[in-house]
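Let's take a walk through a protein model together. Keep the sequence and the 3D view open, and find each residue as it comes up.

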Amino acid sequence: MAEPRDPRRAVAAPGTLSRLLTGLAQCLKWLFLSLLFSILVEWVGMVFWWEGQGLGHSRQMLVAELEFLGTDFQQSWITAEPMAFASRLSEGIYRVAFEWTGVVDLIRWITPVPAAEEIGLRPLLHSLYRPVSEFVLAAMQITQVFAVRLAILALATPVFGLFTVVALVDGLVRRDLRRWGGGRESSFVYHYAKKAAIPLMIMAWVVYLALPCSLHPSWIILPFSLAFAFAVTITASTFKKYL
């Protein structure tokens, strides 16, 4: 039987560093899950939906995302050279995921057709790799698409900040009007709007990163930015009456 907890013993609250590390781990988890989902959807699509395109579908997605980046993200508050930023991010993720892990060297080693008299591990690996080679290469290209989309989302982050400032000012003005007008406050609306703000931002990233087709980022970022701003406005306007 568990011993009763001493009510005099204070429960240690997580510190700032602990919360930051937990938040970073959660972000990395969702990014990894989005990448896995994108690869799985691409594989399923290669079998059922765009089997005629095969490996070309992921290649077309990569070209389209680079065109979006080069056309509409020529300037950014984050970096003076958006294309160079995206290229460095894509190359870095590709290097860590496939070069440092030895995947590229392994593919180069098992891809050539072995000689008829060759025996050992390479002929076996070649026979296993050959039927799934397009799926492996598609996964590598989808990872590059993921990196480019990640760069686009990072470059579009100031949009959320701008919308947040405008929504916060609007919400505080509404709060003051309610306070001086003797209006009623609703803690129910406040708590639910507060809980919805951060998930809306996370959903924008997850949805765009996991899209199985190329879509202009404005169709994802702007709706979620507006929904996020609406949640911030409601949160600020329904904040408690007296500070």
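The paragraphs below go from the overall fold to single residues and their neighbours.

First, a word on how to read the model. It is a predicted model, in which local features need pLDDT of at least 70 and side-chain atom pairs count only at pLDDT 80 or more, while totals for chains, interfaces and linings use all residues. Residues are numbered from 1 along each chain as its sequence is written, and side-chain values use heavy atoms, with hydrogens and water left out.

What does the secondary structure of the protein chain come to? The tally is eight helices and zero strands, and from the N terminus on the elements run α-α-α-α-α-α-α-α. Here helices (H or I, at least four residues) and strands (E, at least two) are DSSP runs, numbered from the N terminus. The chain has 243 residues, and 35% of them are buried. Buried means under 20% relative accessible area, exposed means over 50%, and partly exposed lies in between (1.4 Å probe, protein chains only). A contact means heavy atoms within 4.5 Å. Among contacts with a separation of 6 or more, 76% are between residues 24 or more positions apart.

Now pick out helix H3, residues 82–99. With 18 residues at 1.5 Å a residue, H3 should span 26 Å, and its end C-alpha atoms are 24 Å apart, which agrees. The expected span is 1.5 Å times one less than the number of residues. Within H3, Pro82, Ala86, Ser90, Gly92 and Phe98 are buried. Take Ser90 as an example: its relative accessibility is 11%, so Ser90 counts as buried. Beyond its neighbours within four places in sequence, Ser90 is in contact with Gln144 and Ala147.

An α-helix has 3.6 residues a turn, so residues three or four places apart point the same way. Rings of Phe, Tyr and Trp (its six-membered ring) pair if their centres lie within 6.5 Å; planes under 30 degrees apart count as stacked, over 60 as edge-to-face and the rest as tilted. The count by this rule is one aromatic pair. The ring centres of Tyr94 and Phe98 are 5.4 Å apart and their planes are at 55°, so the pair is tilted. Are these two residues buried or partly exposed? Tyr94 counts as partly exposed because its relative accessibility is 22%, whereas Phe98, at 11%, counts as buried.

Next, turn to the nonpolar residues inside the model. In soluble globular proteins, nonpolar side chains tend to be buried together. A nonpolar core is a set of buried Ala, Val, Leu, Ile, Met, Phe, Trp, Tyr and Cys residues joined through side-chain atoms within 4.5 Å. The largest core has 32 residues, and Leu69, Tyr208 and Phe228 have the most contacts inside it. Two or more residues each come from helices H1 (16–48), H2 (55–72), H6 (133–181), H7 (187–209) and H8 (218–237). H6 gives the largest share, 13 residues. Apart from this core lies another, of six residues, among them Phe98, Val104, Ile110 and Tyr129.

Zoom in on Phe228. Not counting residues up to four places away in sequence, Phe228 touches Phe160, Thr164, Ala197, Ile198, Leu200 and Met201. Leu200 lies in helix H7 and is buried, with a relative accessible area of 18%. Looking past neighbours within four places, Leu200 is in contact with Phe224, Ala227, Phe228 and Ala231.

Finally, look for charges. A salt bridge is a side-chain nitrogen of Lys or Arg within 4 Å of a carboxyl oxygen of Asp or Glu. How many salt bridges does a search of the whole structure find? The search finds one, in which the side chains of Arg149 and Glu65 meet at 3.1 Å, N to O. Arg149 lies in helix H6 and Glu65 in helix H2, so the pair ties together parts that are 84 residues apart in sequence. Arg149 is buried, with a relative accessible area of 1%, and Glu65 counts as buried at 0%. Arg149 also lies over the face of Tyr208, at 5.3 Å from the ring centre. A charge sits over a ring if NZ of Lys or CZ of Arg is within 6 Å of the ring centre and within 35 degrees of the ring normal.
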